[in-house]
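Please read it alongside the sequence and the model.

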Amino acid sequence: MKIKLNKDNKDEVISKAVEIIKSGGLVVFPTETVYGLGADALNENAVKNIFKAKGRPGDNPVIVHISNFSQLRLIAEPLSGLEEKLVNAFWPGPFTIVLQKKDVVPLSVSGGLETVAVRMPAHVFARELIEVAGVPIAAPSANTSGRPSATTGDHVCVDLDGKVDLIVDAGISDIGLESTVAKVVENKVAILRAGAVTKEMIEKVLPEVEVFFSNKKEDLDASPGTRYRHYAPKAPIEIVSPEKMAKYVGELESQGKKVGVICTFQNEKFLHSRASIFIIGSQEDLKEISKSFYQALRFFDDHAVDVILCESFREEGIGIALMDRLKKATGKF
Ligand code: TXA
Ligand code: MG
């Protein structure tokens with residue numbers, strides 16, 4: 001069942017959602033990044049049902065969401081000085097940190113690892129839900145495994161309607177891409193997944209510390225989610241530089257292909273074709289583009305195109321996370 005959140009029904013929705021969480025059920029709730037598919041993180045059975053609803057491989061661990069620091073002490077070993085500076089700087093917000101877990105956290109949450117990924121979300125509804133439930137909430141993104149994350153209530157329903165007990169629809173997610181996942185390793189910060197908290201932002205908080213994107217096999221093995229094909233729309237997707245887009249669309253159309261194009265409004269005017277076009281925002285505004293990115297991928301699921309061509313974006317700031325998701329959606333990286 002889906003309920004639209006409005007200014008009058010918040011308390012009612014919270015108590016309904018809390019009742020479900022406490023009895024071991026599944027609730028889809030909004031966060032500032034993407035929608036989350038939540039269950040009581042300390043209830044092994046409830047967590048197993050998350051994996052079933054998503055069709056997710058059991059070795060891919062989920063993020064535990066908290067609303068206060070006593071929940072953090074409950075699930076993770078004490079923080080190092082560096083870890084403390086990071087969470088103080090970026091919580092609540094789109095930042096997840098991988099910590100040594102305590103025994104109360106079921107191995108189904110951590111995918112068998114001795115670590116647990118923890119995030120305190122900024123979204124007010126999400127935090128209130130966790131606070132009133134009184135337990136940390138395990139929540140991966142609310143999509144079928146391998147598909148683009150859901151950033152609207154309707155997109156959640158496409159993947160999960162009938163598979164969960166409640167969907168709380170609070171409109172479009174603010175950021176639109178999943179949180180940054182980081183881990184402190186030997187006094188350095190490894191970014192395991194890029195997000196809205198950028199490398200530069202982390203370096204500003206820890207000017208003396210090395211911060212790096214981790215592509216190493218050891219680190220990726222420690223973040224199993226990075227191994228699977230992700231964020232994939234139904235049609236194959238290719239990345240095309242803005243200058244080459246018009247010519248390439250023409251070539252594919254002359255082969256009789258139905259083409260979908262994701263582009264910025266600066267480049268739309270160059271396309272004189274029959275392609276279906278999703279205008280994703282302005283080249284100048286990478287945040288706006290990130291916010292609509294998963295909506296764009298899912299838009300073409302209903303348009304029966306043979307191929308989706310997506311413009312490439314500037315790899316700076318949140319553009320790094322954006323290009324990471326786009327490359328993974330092509331399945332070639
Ligand atoms: O923004 C987000 O992070 C959203 C919202 C709902 O909070 N959640 C989300 O969860 O994106 P999910 O499950 O789709 O992605 C979790 C990522 C995966 O890449 C997983 O491998 C990594 O975090 N992860 C989880 N636990 C980990 C651990 N113990 N060690 C290393 N990586 C971990
Ligand atoms: Mg996900």
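Leaving aside neighbours within four places in sequence, which residues is L86 in contact with? The model is a predicted one, and in it L86 is in contact with F95, I97, V184, V189, I202 and L206, once neighbours within four places in sequence are set aside. L86 also belongs to the largest nonpolar core, as one of the residues with the most contacts inside it.

**Nonpolar cores**

- The largest nonpolar core has 48 residues.
- The residues with the most contacts inside this core are V28, L37, L86, W91, F95, V189 and I202.
- Helix 2, which spans residues 44-54, gives the most to this core, with five residues.
- A second core is separate and has 27 residues, among them I175, I280, I289 and Y294.

**Helix 7 (residues 153-160)**

- Helix 7 is largely enclosed by the rest of the structure, because six of its eight residues are buried.
- The buried residues of helix 7 are G153, H155, V156, C157, D159 and L160.
- Their cover includes strand 1 (2-4), strand 2 (27-29), strand 3 (36-40) and strand 8 (166-169), and also helix 2 and helix 12.
- After helix 7 comes G162, with a positive phi near 85°.

**Helix 10 (residues 242-254)**

- M245, V249, L252 and E253 are buried in helix 10.
- Strand 12 (237-240), strand 13 and strand 15 (307-311) are included in what covers these buried residues.
- G256 follows helix 10 and has a positive phi, near 85°.

**Helix 1 with helix 6**

- Helix 1 (residues 10-22) packs against helix 6 (residues 124-133) at an angle of about 50°, and their axes are 9 Å apart.
- Because of that angle, helix 1 is oblique to helix 6.
- Their crossing is right-handed.
- On the side of helix 1, the contact is made by K10, D11, V13, I14, A17, V18, I21 and K22.
- On the side of helix 6, the contact is made by F125, E128, L129, V132 and A133.
- By class, the residues of this contact are nine nonpolar, four charged and no polar.

**Helix 12 with helix 13**

- Helix 12 (residues 286-299) and helix 13 (residues 319-330) have axes that come within 9 Å and cross at roughly 20°.
- The two helices are therefore roughly parallel to each other; angles under 35 degrees count as such.
- The crossing of helix 12 and helix 13 is left-handed.
- Helix 12 makes the contact through L286, I289, S290, F293, Y294 and L297, and helix 13 through G319, L322, R325, L326 and A329.
- Eight nonpolar, two polar and one charged residues make up the contact of helix 12 with helix 13.
- Two residues of this contact on helix 12, I289 and Y294, are also included in the second core.

**T264**

- T264 lies in the loop between strand 13 (259-263) and helix 11 (265-268).
- Is T264 buried or exposed? T264 counts as buried because its relative accessibility is 0%, and the cut-off for buried is under 20%.
- Not counting residues up to four places away in sequence, T264 touches I279, I280, G281, S282, Q283, I289, E311 and F313.
- Among these neighbours of T264 are I280 and I289, which the second core includes.

Note on methods:
Residues numbered from 1 in each chain as written. Chains lettered and ligands numbered in written order. Predicted model: local features only at pLDDT ≥ 70, side-chain atom pairs only at ≥ 80, totals over all residues. Heavy atoms only, no water. Axes fitted to C-alpha atoms, helices over the stretch in contact; angles between N-to-C directions. Helix = DSSP H or I, 4+ residues; strand = E, 2+ residues; numbered from the N terminus. Parallel < 35°, antiparallel > 145°, perpendicular 65-115°, else oblique. Left-handed = near helix turned anticlockwise from the far one by under 90°. Contact = heavy atoms within 4.5 Å. Nonpolar A, V, L, I, M, F, W, Y, C, P; charged D, E, K, R; others polar. Buried < 20%, exposed > 50% of the residue type's maximum accessible area, 1.4 Å probe, protein only. Core = buried A, V, L, I, M, F, W, Y, C linked by side-chain atoms within 4.5 Å.
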